[in-house]
Amino acid sequence: MAVAHETFEELRTAGLADVDPEIAELLGRELERQRGQIELIASENFTWPSVLEAVGSVPTNKYAEGYPGKRYYGGCEVVDEIEELARGRAKELFGAEHANVQPHAGAQANMAVYFAVLNPGDRVLALSLNHGGHLTHGLKVNFSGKLYDFHHYGVSRETMQVDYDDVLATAKEVRPALIVCGGSAYPRTVEADKFREIADEVGALLMCDMAHFSGLVAAGLHPSPVPHCDFVTSTSHKTLAGPRAGFVLCREEHASKVDRANFPGMQGGPLMHAIAAKAACFRIAMTDAFRDYQVQVRANADVLAATLIAGGYDVLTGGTDTHLVQLDLRRTEWTGLAAQERLEECKLTANRNTVPFDERPPMVASGVRLGSPAATMRGFDEDDFREVASIIVDSLNESSGLEELRARALVLCEKRPLYPGFRGYTSYIS
């Protein structure tokens, strides 16, 4: 397919809409999709305009294999400063001894730790995927489950929370080389200090995957796992509200192993534009304004949980300590998949998720995972989240028609516009 500008000189200065109007139109449509529905996926967020600017910046042109001062390419003097800023800010923000900001995503951050300190076949103990763990915590078809001998602890049937006595008993039986705490669908505080005691008792290293709640840690609203863990991994795009990427924090004694595991062990050239965006994200996370945002994330999550419960629905553990609310539909006729599809028809985006001791397969599931960060970024407050929860209740009770429910959701979207000053693709929106 020919492009609008076919000469080299024209292409050197042409914008995306001139070169590829199809992609420009699709980007515009995605912007309007995000603007026109309420994002409740707990692992998603809307990043800052300044971070979007950094992600689209000129360091995307630069190869920088290696680390600052030890690159395999010339011309790295500026990107060295960028990466040093990102590393220094990450250490300052979280009180860490060492930071590696090169992992492309959270999965690669976890992989870097595993590669640094484990041999294939070593035993690892982590939260069961069915009880809120992540696929890199030992899913059989994932690299983690293929390379390492993962064993799992779960939650109590009575409380739906981690039973630390059970974790200790399992750890004594398994004798893992590494214990992993944290997960992707666990709504309560991850008590890294208790995991540290267990790890010390069985002679294991300890890693916390704080991808979901790292923004709350940065704001001082969730206990920091950093003082208690050998390694802490995270994404930067969930509650931290930065670019889609990952990073590793660790004790100085493990620094060289983590760095070598990441490069040359598993990645080549780092994405320097993403690292620039991480640096900006870490700087924002040091501000009082960011803490105010996280306080609102927590308040909105509590209101969401309480209003769902008042509406007659079960919420896992009876509430949340974080940004995440797990709707348990086992006492209803809804499956997680059917509920997800119903909510999407009402302009609410969420994702089905298994609940502990779920008898349905993951692609159907009995729960829906909900989160408050993205809508809070739009400016939603407690009253807005009461209305969001009310729309969920009415949609699952089927007490209102779809058009009425959609209209209520769109009122909130119009009240709290997303990126109101951004017009990058609007000329391609019909």
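## Exercises on rings and sheets

Tyr114, Phe115, Phe143, Tyr148 and Phe150 form a cluster linked by ring pairs. The model used in these exercises is predicted.

### Exercise 1: Aromatic pairs

Find how many aromatic pairs the whole structure holds. Then classify the pair of tyrosine 72 and phenylalanine 263.

**Solution**

Step 1. A search of the whole structure gives 13 aromatic pairs.

Step 2. Take tyrosine 72 and phenylalanine 263: their ring centres are 5.7 Å apart, and the planes make 65 degrees. Planes over 60 degrees apart count as edge-to-face, and this pair is edge-to-face.

Step 3. Tyrosine 72 is in the loop between β3 and α5, while phenylalanine 263 is in the loop between α11 and α12. They are 191 residues apart, so the pair links distant parts of the chain.

Step 4. Phenylalanine 263 has 11%, so it counts as buried.

### Exercise 2: A second pair

Describe the pair of phenylalanine 247 and phenylalanine 282.

**Solution**

Step 1. The centres lie 5.2 Å apart and the planes make 80 degrees, which is edge-to-face.

Step 2. Phenylalanine 247 belongs to strand β10 and phenylalanine 282 to helix α12, 35 residues apart.

Step 3. Phenylalanine 247 has a relative accessible area of 0%, so it is buried. Phenylalanine 282 is at 0% relative accessibility, so it counts as buried.

### Exercise 3: The sheet of 7 strands

Trace the strand order of the open sheet of 7 strands. Then examine how β7 pairs with β8.

**Solution**

Step 1. The order is β4-β10-β9-β8-β7-β5-β6, and the pairing is mixed.

Step 2. Find the edges. They are β4 (98–100) and β6 (149–153), each pairing on one side only. From one strand to the next, the twist averages 20 degrees.

Step 3. β7 (178–181) and β8 (205–209) pair in the parallel sense over 4 bridges. Leucine 178 has leucine 205 in β8 as its bridge partner.

Step 4. α5 (77–94) lies across β4 and β10, at about 130 degrees to β4.

Notes:
Residues are numbered from 1 along each chain as its sequence is written. This is a predicted model: local features need pLDDT of at least 70, side-chain atom pairs count only at pLDDT 80 or more; totals for chains, interfaces and linings use all residues. Side-chain values use heavy atoms; hydrogens and water are left out. Two strands pair if DSSP finds at least two bridges between them. Helices (H or I, at least four residues) and strands (E, at least two) are DSSP runs, numbered from the N terminus. Axes are lines fitted to C-alpha atoms, for helices over the stretch in contact, and angles run from 0 to 180 degrees between N-to-C directions. Contact means heavy atoms within 4.5 Å. Rings of Phe, Tyr and Trp (its six-membered ring) pair if their centres lie within 6.5 Å; planes under 30 degrees apart count as stacked, over 60 as edge-to-face and the rest as tilted. Buried means under 20% relative accessible area, exposed over 50%, partly exposed in between (1.4 Å probe, protein chains only).
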